[in-house]
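Let's take a walk through a protein model together, one piece at a time.

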Amino acid sequence: MSGISGHWAFAFGVLGNIVSFIVFLSPLPTFYKIYKKKSTDGYQSIPYVVALFSSMLWIYYALLKTNTTLLITINSFGVFIETIYVAFYLFYAPKKSRVQTIKMILLFVVCGFGAIILVTEFLFKGAVRGQVVGWICLIFSLCVFVAPLGIVRQVIKTKSVEYMPLLLSIFLTLSAVVWFFYGLLLKDINIAIPNVLGFILGILQMVLYVIYNKKEKAILKEQKLPEKLQNHMIISIDEKNKNFPELTEEQIIDIVKLGSLISSGKIHIASCLHDAVCASAKIENTPNNLQTVEAKN
């Protein structure tokens, strides 16, 4: 039974490596934009510094455990690619952003990671050391998964999904599912538990994307409608009563004037496709003939 479990763990580990490989490469379009602009304005380096620290931490944990080779392979690639991202960012960043990035590198990679190695190596021995490092990885991973809540808040506030790509959310959710089963089959809660939260937040992001993407399209459609109806006159009719609404004396006079223009052939009447019955009259594009009449309920 343990042999079957081991085979399944290996399969999920390989799949996890493939999905995480794609996730690690997802910032490439961002860095292409930075390269084109020759500037990092509008972008922050903290996600890449944190990802670098996280990969280093998981490698250290995997080295203290057994049967975690696949955890080492993907996080080794993570260290490699995140180092390139950070170096690329430093090259194009202005002085202020460069100084902030260097401070974060010193805080997380040098001081943070160095302190964890020193404390665990000198204060803990054997299996206890692996457990302590595992709990550190678990807590830090939970913090990393909670970080996208800022993006979720921004989506709800702005009602826009511009800064929350659907494809990235799908891959992050898939990654959480795969690594959860990998940890579950290895009976390693430090790997499995954080990915439960990752899966929940991934689903939340995809649901929000579907909701607000539809609303965004509806808003854009409404904004385009007036452009099509520029230089047009719209008369709406009450659909329930099928009669014209009550008009003021000035509106009646304007309609009589409009009728005379129509009879003289100076205005073209076009049908309007809408839920309510409406007519559109386009006025000739001359300064003396531009008149608009609106009949309101």
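Start with Asn 17, which is buried, at a relative accessible area of 14%. In this text, buried means under 20% relative accessible area, exposed means over 50%, and partly exposed is in between (1.4 Å probe, protein chains only). Asn 17 sits in helix α1, residues 2–25. Helices here are DSSP runs of H or I with at least four residues, strands are runs of E with at least two, and both are numbered from the N terminus. What does Asn 17 touch, leaving out residues up to four places away in sequence? Its partners are Leu 70, Thr 73, Ile 74 and Trp 179. A contact, by the way, means heavy atoms within 4.5 Å.

Before going on, a word on the model: it's a predicted one, so local features need pLDDT of at least 70 and side-chain atom pairs count only at pLDDT 80 or more, while totals for chains, interfaces and linings use all residues. Residues are numbered from 1 along each chain as its sequence is written, and side-chain values use heavy atoms, with hydrogens and water left out.

Now zoom out. The protein chain has 10 helices and three strands, and from the N terminus on they run α-α-α-α-α-α-α-α-α-β-α-β-β. Of its 297 residues, 34% count as buried. Take the contacts between residues at least 6 apart in sequence: 72% of them join residues at least 24 apart.

There's also a record to look at. The unreviewed UniProt entry lists residues 6–25, 46–64, 70–92, 104–124, 130–151, 163–185 and 191–212 under "transmembrane region". UniProt positions are given in the numbering used here, feature names are shortened, and annotations may be inferred rather than shown by experiment. In the model, residues 46–64 are 100% helix and 0% strand, with their end C-alpha atoms 27 Å apart. Residues 104–124 are 95% helix and 0% strand, and their end C-alpha atoms lie 27 Å apart.

Next, look inside. A nonpolar core is a set of buried Ala, Val, Leu, Ile, Met, Phe, Trp, Tyr and Cys residues joined through side-chain atoms within 4.5 Å. Which members of the largest nonpolar core touch the most others? Out of 34 residues, they are Leu 57, Tyr 61 and Leu 71. The elements giving two or more residues to this core are α2 (28–37), α3, α4 (69–92), α5 (95–123), α6 and α8 (166–185). The most comes from α3, with 11 residues. A second, separate core has seven residues, including Val 152, Val 161, Met 164 and Leu 208.

Not counting residues up to four places away in sequence, Tyr 61 touches Leu 71, Gly 130, Val 133, Gly 134, Cys 137, Asp 188, Asn 190 and Ile 191.

Rolling a probe the size of a water molecule over the atoms shows where empty space is left. On a 1 Å grid over the protein atoms alone, with a 1.4 Å probe, a pocket is an open set of points with protein on both sides within 12 Å along at least five of seven lines, and lining residues have an atom within 4 Å of a point. The second largest pocket has a volume of about 250 Å³. Of its 16 lining residues, Tyr 61, Lys 65, Lys 187, Asp 188 and Asn 190 are the closest to its centre. Two or more lining residues come from each of α3 (46–64), α6 (126–146) and α9 (189–228), and α6 gives the largest share, five residues.

Trp 135 and Asn 190 are 55 residues apart along the chain, yet their C-alpha atoms are separated by 6.4 Å. Leaving aside neighbours within four places in sequence, Val 146 is in contact with Leu 197 and Leu 201.

Finally, visit a loop. Asn 67, between α3 and α4, has a positive phi of about 60° although it is not a glycine. Is Asn 67 buried or exposed? Asn 67 is exposed, because its relative accessible area is 63%.

Technical notes: Points joined across faces, edges and corners; volume = space filled by probe spheres on them.
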